[in-house]
Amino acid sequence: MAADATTATTIFRFQFVPYWCRPARAEIPRHSLTIYLEASETNGPICVLAAAAACLLGPAQRPMLSTPPVTIHDLGHGVYAAILTEPLSLALNANSLFIVNDSGVVVVDAQFTRVATLANIAALRRITPKPVRYVINTHWHDDRIAGNQVYQDSFPGVRFLAHANTPADLIGLGRPNRGDQVRYAPAAADRYQRLLEAGLGLDSTAASPAEAAAVTSALGIIRQYVAEHSGYREVLPEGITGAGQTLVTEGRTIELRWFGRGNTRGDLVVYLPDQGIAATGDLLVAPIPLGFNSYPSEWIAVLDSIAALARLSWCPATAR
Ligand SMILES: [Zn+2]
C-alpha cells in the first residue's frame, strides 16, 4: 500500500453488500447531473444519518463468522486502511479508514455485523489507545452503518456524520430493507447451504473452490447478521447538507464531499487533501459496481469528480 500520498490520491473502495434478498431498484433519472462539487469551508457540525440495508440470511444455529480477517495497511501520516479480506461474495463487511490524530481517531464506515466492527476496533487498538471521536458513514447501506452502535457503546461522545440524505434513506429504505433481509435471508441461506453441501454453486452447477469459499464466507456473514438482529439498535448519523463540509480536527483537514447521486443519493467521499487519500464508500468497487437503489446515469459524473481530485493511485488491497 503506497504511503507516498503526497503525489497521489489513494482511493479506497469500501465494498458492500448483499442484495440478493431484495430486487435492486435502480432509479434511472431522465437527465444527467453535472457535478456538485466543492466542499464548503465550514468547520461546523455535520450531519447525521442512520441506516440499515443489506441482506441476510440464516438460522442462528449455523456456524458464525467469529473473527473476520482484518488487514491493516499503514498509509502514512497517521492514516490506516482496515481491509476485511473476506472473498467477494453475496455478503461483505465494509472496509474502514482510521485517521489517527493527536488525541482522537476519525473512522470512516462501520461494518455490516457487530462482530466485524468489534474486530475492526480490536485492530484499531493495536494501532492506538486513543478514543474514536467521529464515525463517518459514507452512505445508508447496512454494511456501513449496522456497526454504529458498537462505536456508540465503546466511545462516549462519539459523533456520527453522513450526508443529509442518508438519515432519511436509512429510515425510509434501510428499515424496510433490514426487515426484508431478516425475514427472507434464512431461507435463502438454507438453500445456499444445501447447494454448497452438494458441491454446487448458486447456479446449481459445480462450484469451483473459489466459489465455494465465497459462498461459505457469505453464509457466515449472513447468519451473523440475522443472529445479531434482535440486539440491533439504530444509530442515526447527523446529516451534512449541500456539496459538503470540511471537518478540521486537531489540525487535520478532512473534507466530506458530495458530488451528486451515484451508488445512493447520499454518497460522501472523505477526502484528505494534505495526504492525497480519498475514501469513496461504494462509489468505487472492484471488480464490478454494487448497485443497490442506485443512480447509474449520474454515477459516472460522480466518478469523474472524484478522479478530478488529484492524480489517482489504487489501493491494491481492495482488488478483491
Ligand atoms: Zn453500499
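Mentor: Start with the terms: an axis is a line fitted to C-alpha atoms, for helices over the stretch in contact, and angles run from 0 to 180 degrees between N-to-C directions. Keep in mind that this is a predicted model.

Now the pair. Helix 4 covers residues 165–197, and helix 5 covers residues 209–228. Their axes come within 10 Å and cross at roughly 150°. Angles over 145 degrees count as roughly antiparallel. Helix 4 and helix 5 are therefore roughly antiparallel to each other. The crossing of helix 4 past helix 5 is left-handed.

Look at the residues that make this contact. Helix 4 supplies Val182, Ala185, Pro186, Ala189, Tyr192, Gln193 and Leu196. Helix 5 supplies Ala212, Val215, Thr216, Leu219, Ile222, Arg223 and Val226. Sorted by class, the contact has 11 nonpolar, two polar and one charged residues.

Strand 11 is worth a look as well. The strand spans residues 269–272. Val269 and Tyr271 point one way, Val270 and Leu272 the other, and all are buried. In a regular strand, side chains alternate between the two faces of the sheet.

Strand 11 has partners. Strand 10 (residues 252–257) runs antiparallel to strand 11, joined by three bridges. Strand 12 (residues 277–279) is also antiparallel to strand 11, again with three bridges. Follow Tyr271: its bridge partner is Glu255, and Tyr271 stands opposite Ala278 in strand 12. Strands 11 and 12 form a hairpin with four residues between them. In that turn, Gly276 has a positive phi of about 65°.

Note on methods:
Residues are numbered from 1 along each chain as its sequence is written. This is a predicted model: local features need pLDDT of at least 70, side-chain atom pairs count only at pLDDT 80 or more; totals for chains, interfaces and linings use all residues. A residue is buried if 20 or more other C-beta atoms lie within 10 Å of its own, exposed if 12 or fewer, and partly exposed in between; C-beta atoms are placed from the backbone. Helices (H or I, at least four residues) and strands (E, at least two) are DSSP runs, numbered from the N terminus. Two strands pair if DSSP finds at least two bridges between them. Angles under 35 degrees count as roughly parallel, over 145 as roughly antiparallel, 65 to 115 as roughly perpendicular and the rest as oblique. A crossing is left-handed if the near helix is turned anticlockwise from the far one by less than a right angle, and right-handed if clockwise. Two residues are in contact if their C-beta atoms, placed from the backbone, lie within 7 Å. Ala, Val, Leu, Ile, Met, Phe, Trp, Tyr, Cys and Pro count as nonpolar, Asp, Glu, Lys and Arg as charged, and the others, Gly among them, as polar.
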